[in-house]
Amino acid sequence: MQFTNSLTEMSATLESYYLSKPEPYQSCLLALRDIILRINPKICHERKFQIPFFTYKGKKLAYLWLDGKKLKLGFCLDKSLQAITPGIKPKDKYESIRVDPNADFPIDLILQKLNVYIALIDQA
């Protein structure tokens, strides 16, 4: 029963993140969340680093970040997927695209990036 309560709390915390944002950012964040989660049923949604984060098969995949009036959809290449170079400590690699909440989403680019990162995880 404890596990169910923690899932409910986590879901409420995630939902409160989205609902605390002003429009048009709130709608935009919720739409991006739905797009990401519909790509693959194995994508998990959680809150890390105080922002919505998405993982796939336990590896970091993407995140949503609202910094002031800048809305970003970020993608992550988990350090565990990178080639090991002796003497160099691997770090997660990030890239992001800025999303204008008052314009159409660059949906083709979003889907392309998500599929590339999912494929990298699948190949590992």
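Q: How many bridges join strand 1 to strand 2, and which way do the strands run?
A: This is a predicted model, where local features need pLDDT of at least 70, side-chain atom pairs count only at pLDDT 80 or more, and totals for chains, interfaces and linings use all residues. Residues are numbered from 1 along each chain as its sequence is written, and side-chain values use heavy atoms, with hydrogens and water left out. Strands are DSSP runs (E, at least two residues), numbered from the N terminus, and two of them pair if DSSP finds at least two bridges between them. Strand 1 (residues 43-48) and strand 2 (residues 51-56) run antiparallel, joined by six bridges.

Q: Which residue in strand 2 is the bridge partner of K48?
A: Two residues lie between the strands of this hairpin, and F49 takes a positive phi near 55° there. In strand 2, K48 has as its bridge partner I51.

Q: What kind of aromatic pair do F53 and Y63 form?
A: Phe, Tyr and Trp rings (for Trp, the six-membered ring) pair if their centres lie within 6.5 Å; planes under 30 degrees apart count as stacked, over 60 as edge-to-face and the rest as tilted. A search of the whole structure finds five aromatic pairs. F53 and Y63 sit 5.8 Å centre to centre with 20° between the planes, so the pair is stacked.

Q: Is Y94 buried or partly exposed?
A: Buried means under 20% relative accessible area, exposed over 50%, and partly exposed in between (1.4 Å probe, protein chains only). Y94 has 41% relative accessibility, so Y94 counts as partly exposed.

Conventions: Helices (H or I, at least four residues) and strands (E, at least two) are DSSP runs, numbered from the N terminus.
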